[in-house]
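Dear colleague,

I am passing on a structure that I have been looking through, together with some notes on what was found in it. Please have the view open as you read.

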Amino acid sequence: MLPLFHDFEGRSVVVVGGGSVALRKARTFAEEADVTAVAPEFADGFDDLECELIRRTLEAEDAPEVVADAFLVVPATDDGRLNDAVAAAAREADCLVNRVDERGDVVTPSRAESDRITIAISTRGASPATSKYLRQQIEPLLERADPMVALQADLREELQAADESSLGERRRALWRVLEDEEVWEHLEDGRHEDAKACALDLVESLE
């Protein structure tokens, strides 16, 4: 499988199931997508989400109707036969499928996030615990790197506006800034202007 970040703004996602796993999936996609959850009962927490709840007991033959017009479908019940039927109907309708009981077309990875950085971690379903452990180890590094992302964005804009150096030269200059301990120290101390001045000195020294 290839890792891919996808914009779900305005996309329709159907979650079939009302348990804790279905809730976790609905919460993930509801950050951007228009989520509909279908189940006879819903666990506590569903009412707090911005999604449509349809209380309905489904049979396998109902699957094509439920997945119609969806972009992605999540079969998340404890009934393997119903999950199979929902997944099959979704694929027949050219929908992506994110199964919770086996590997589907789409895997939702563990995410390590800060304000400016998102890293997706997946063991391809082999060890969710390892994914969680790695996420916990990585998250502090992302918080440290956030100010560098902002600085690099500023430098890229200035270098592109100058339009005097080649793409390769700009990349080397930005990498030099990333490797400079003094720049990092300024950022960690909250001295962003000092960090930028130091970075610009480094860029000019390469010209």
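In this predicted model, the side chains of serine 110 and arginine 135 are joined by a polar contact of 3.2 Å. Serine 110 belongs to strand β6, which covers residues 110-113, and its relative accessibility of 18% means that it counts as buried, since the cut-off for that word is under 20%. Once its neighbours within four places in sequence are set aside, serine 110 is in contact with Ile119, Ala120, Ile121, Ser131, Lys132 and Arg135.

The next point concerns helix α1, residues 20-29, where Ala22, Leu23, Lys25, Ala26 and Phe29 are buried.

Finally, a word on the cysteines: the count of disulfides is zero. For cysteine 95, the closest cysteine sulfur is that of cysteine 51, and because the two sulfur atoms are 18 Å apart, they are too far from each other for a bond. Cysteine 95 is buried, at a relative accessible area of 5%, and cysteine 198 is buried as well, at 11%.

Technical notes. Residues are numbered from 1 along each chain as its sequence is written. This is a predicted model: local features need pLDDT of at least 70, side-chain atom pairs count only at pLDDT 80 or more; totals for chains, interfaces and linings use all residues. Side-chain values use heavy atoms; hydrogens and water are left out. Helices (H or I, at least four residues) and strands (E, at least two) are DSSP runs, numbered from the N terminus. Buried means under 20% relative accessible area, exposed over 50%, partly exposed in between (1.4 Å probe, protein chains only). A polar contact is a pair of N or O atoms within 3.5 Å; within protein, one must be able to donate a hydrogen and the other to accept it, and residues adjacent in sequence count only if both atoms are side-chain atoms. Contact means heavy atoms within 4.5 Å. A disulfide is a pair of cysteine sulfur atoms within 2.5 Å.
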